Amino acid sequence: MVHDVNGAIRNPPYRLVVGISGASGAIYGARVLDALKDLDVDSHLVVSKAALLTLSQETDLSPADLTAKATVVHKMADVGATIASGSFKTLGMIVAPCSVKTMSEIATGVTSSLLTRAADVTLKERRPLVLMVRETPFHLGHLRTMTALTEMGAIIAPPLPAFYARPASIMEMVDQSVGRTLDLFGLDWNGVRRWEGLK
């Protein structure tokens, strides 16, 4: 894919930043990494400590199992990492799952970790930032924060099941949400069951 933009030839990078924060649903982040590997897209992963705790409670994956799925792994405190700069080209960033704390930090622009710094960079460079926010029910503060982020250019994409796909397992529901989220980056993963009209 080559585009002519104001006379300049631009080759898009085939890399996506993946953040995994401490909300329930660490499996979403793990499956995003699997999908990117299937699609031959490099993944730049940053994981919070709370996410690793959630991973241990909700899956059989170890931290090593998770990080082995990524192309590049960055430490949360490494604010000098490539993904902390807008000059490092990416397709954008997905935070899967995204905790309310992480969402709120991104919304304020007061970033205290590489995960939220990378998200801030994604917004300032006008690249897609997709937040798979995991919380329910939402109170008014949550909703106002999501509105503010949407106004800033982020996409709020809670992982909700698509029952028309007739999922037969939790993993099929996870994969449907992951695949539909990757659609937002123009990435077509075979984990998605697409609507084919009324039968």
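This is a predicted model: local features need pLDDT of at least 70, side-chain atom pairs count only at pLDDT 80 or more; totals for chains, interfaces and linings use all residues.
Local features need pLDDT of at least 70, side-chain atom pairs count only at pLDDT 80 or more, and totals for chains, interfaces and linings use all residues. Residues are numbered from 1 along each chain as its sequence is written, and side-chain values use heavy atoms, with hydrogens and water left out.

Biologist: How many residues of strand β3 are buried?

Modeller: Strands here are DSSP runs of E with at least two residues, and helices are runs of H or I with at least four, numbered from the N terminus. Buried means under 20% relative accessible area with a 1.4 Å probe, protein chains only. Strand β3 covers residues 15–20 and is mostly covered, the buried ones being five of its six residues.

Biologist: Which residue in β4 is the bridge partner of Ile20?

Modeller: Two strands pair if DSSP finds at least two bridges between them. Strands β3 and β4 (residues 42–47) run parallel and are joined by six bridges. Within β4, the partner of Ile20 is Val47.

Biologist: Which residue in β6 is the bridge partner of Gly19?

Modeller: Strand β6 (residues 93–98) also runs parallel to β3, and three bridges join the two. Within β6, the partner of Gly19 is Val95.

Biologist: Which helix belongs to the right-handed β-α-β unit with β3 and β4?

Modeller: A crossover is right-handed if, with the strands pointing away from the viewer, the path from the first strand over the helix to the second runs clockwise. In the unit made with β3 and β4, the helix, spanning residues 26–38, is α1.

Note on methods
Buried means under 20% relative accessible area, exposed over 50%, partly exposed in between (1.4 Å probe, protein chains only).
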